[in-house]
Amino acid sequence: MLMYQHQRVSERFDVIDLDPYGSPATFLDAAVQAVSEGGLLCVTCTDMAVLAGNSGETCYSKYGAMALKSRACHEMALRIVLHSLDLRANCYQRFVVPLLSISADFYVRVFVRVFTGQAKVKASASKQALVFQCVGCGAFHLQRLGKASGVPSGRAKFSAACGPPVTPECEHCGQRHQLGGPMWAEPIHDLDFVGRVLEAVSANPGRFHTSERIRGVLSVITEELPDVPLYYTLDQLSSTIHCNTPSLLQLRSALLHADFRVSLSHACKNAVKTDAPASALWDIMRCWEKECPVKRERLSETSPAFRILSVEPRLQANFTIREDANPSSRQRGLKRFQANPEANWGPRPRARPG
């Protein structure tokens, strides 16, 4: 009610921080109207079971998007929250610009600035995307909702996007696709802002009890590929074809040798965020399987592993470890991923009267 009473431009707040128990969905509409022009909106969501795909229909009712169960569910949760914020802001000719989006422990927290501009709001559809994810091998493809194209006069032209980007059956394993989203498909961090925060924390480490962890997480964020949504994980790739797991440095080196970009993700310890297509990733895993062979007679002919391994790799992977495969934050031994401080640690149940 307080936020709805401060919608007039002269009465808006510079900073609004939403940190309710569970979902902030009921407060988002008021918040995007009550924050000042260019003001800061901070949103915390602790309903991670919903955002991580355990209940897709509940996620849709709260955030207007279907969450998928996948290894990249924590980053997808961040992107669904950003999509929901932008969608609510668009109703009032406003739009959001993400500064920092963090998945930590059992919650996600996003920091965005809110601006007003009818012309910029038109570009919002082209910032959202649907996700086609294979239920067999986990390969995913993004389908933008809108299309923005520049014209010689300088004014952008908007139209509906064309698709879908996939065939009815997965080209790698023959399984069907699940449809998730829409979600935010643009960068989820402002790296200049993150750099300035990192400098401020490093200059005065005694200011926060958790400054060591803040430095570690922000350092990983600066190394993330900003233009590559979602990620695969080491264990997902190896368990799909039932082979031994390559080391993180071996897989990163193979991708770099093949002239692809690769990074970690702060949202998952063994994430592989890369601009390599799924076909190149599976070629690298096929090459790895030749070094650590799988007993083919144990595989079902309809399994994703059998389908993937029955194809010869077109890309010859080189697993020689490269120096640039080891990210700086890992070399410096920063505290990048928090270990649980005690057994059975996590969100407690909601307080009940009596």
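Biologist: How many helices and strands are there in the chain?

Modeller: This is a predicted model, in which local features need pLDDT of at least 70 and side-chain atom pairs count only at pLDDT 80 or more, while totals for chains, interfaces and linings use all residues. Residues are numbered from 1 along each chain as its sequence is written, and side-chain values use heavy atoms, with hydrogens and water left out. Helices (H or I, at least four residues) and strands (E, at least two) are DSSP runs, numbered from the N terminus. On this basis the chain has 12 helices and 12 strands.

Biologist: Why does the radius of gyration of the chain agree with that of a compact globule?

Modeller: The radius of gyration is taken over C-alpha atoms, and the globule rule is 2.2 Å times the number of residues to the power 0.38. For 354 residues a compact globule would have a value near 20 Å, and this agrees with the value of the chain, 22 Å.

Biologist: What percentage of the residues of the chain count as buried?

Modeller: Buried means under 20% relative accessible area, exposed means over 50%, and partly exposed lies in between (1.4 Å probe, protein chains only). Of the 354 residues, the share that counts as buried is 50%.

Biologist: Among contacts between residues at least 6 apart in sequence, what percentage join residues at least 24 apart?

Modeller: Contact means heavy atoms within 4.5 Å. Among the contacts in the chain between residues at least 6 apart in sequence, the share that joins residues at least 24 apart is 66%.

Biologist: Which peptide bond is cis with omega near 0 degrees, and where is its proline?

Modeller: Most peptide bonds are trans. The bond from G163 to P164, however, is cis, with omega near 0 degrees. P164 is found in the loop between β8 (157-160) and β9 (177-184).

Biologist: In which strand is P182, which is joined to G181 by a cis peptide bond?

Modeller: The cis bond between G181 and P182 has an omega of about 5 degrees. The place of P182 is in strand β9.

Biologist: Is Q93, with its positive phi, buried, partly exposed or exposed?

Modeller: Q93 is a residue other than glycine, and its phi is near 60 degrees. It lies in the loop between α4 (73-90) and β3 (94-104). Because its relative accessibility is 34%, Q93 counts as partly exposed.

Biologist: Where is D105, which has a positive phi although it is not a glycine?

Modeller: The phi of D105 is about 50 degrees. At 34% relative accessibility, D105 counts as partly exposed. Its place is in the loop between β3 and β4 (107-116).

Biologist: Which residue in β12 stands opposite Y232?

Modeller: Two strands pair if DSSP finds at least two bridges between them. An open sheet of three strands has the order β10-β12-β11, with antiparallel pairing. Its edge strands, each pairing on one side only, are β10 (232-233) and β11 (262-265). Two bridges join β10 to β12 (residues 268-274), and the residue opposite Y232 is V272.

Biologist: With which residues is F158 in contact, leaving aside its neighbours within four places in sequence?

Modeller: F158 is in strand β8 and is partly exposed, with a relative accessible area of 33%. Apart from those neighbours, F158 is in contact with K122, A123, K147 and A148.
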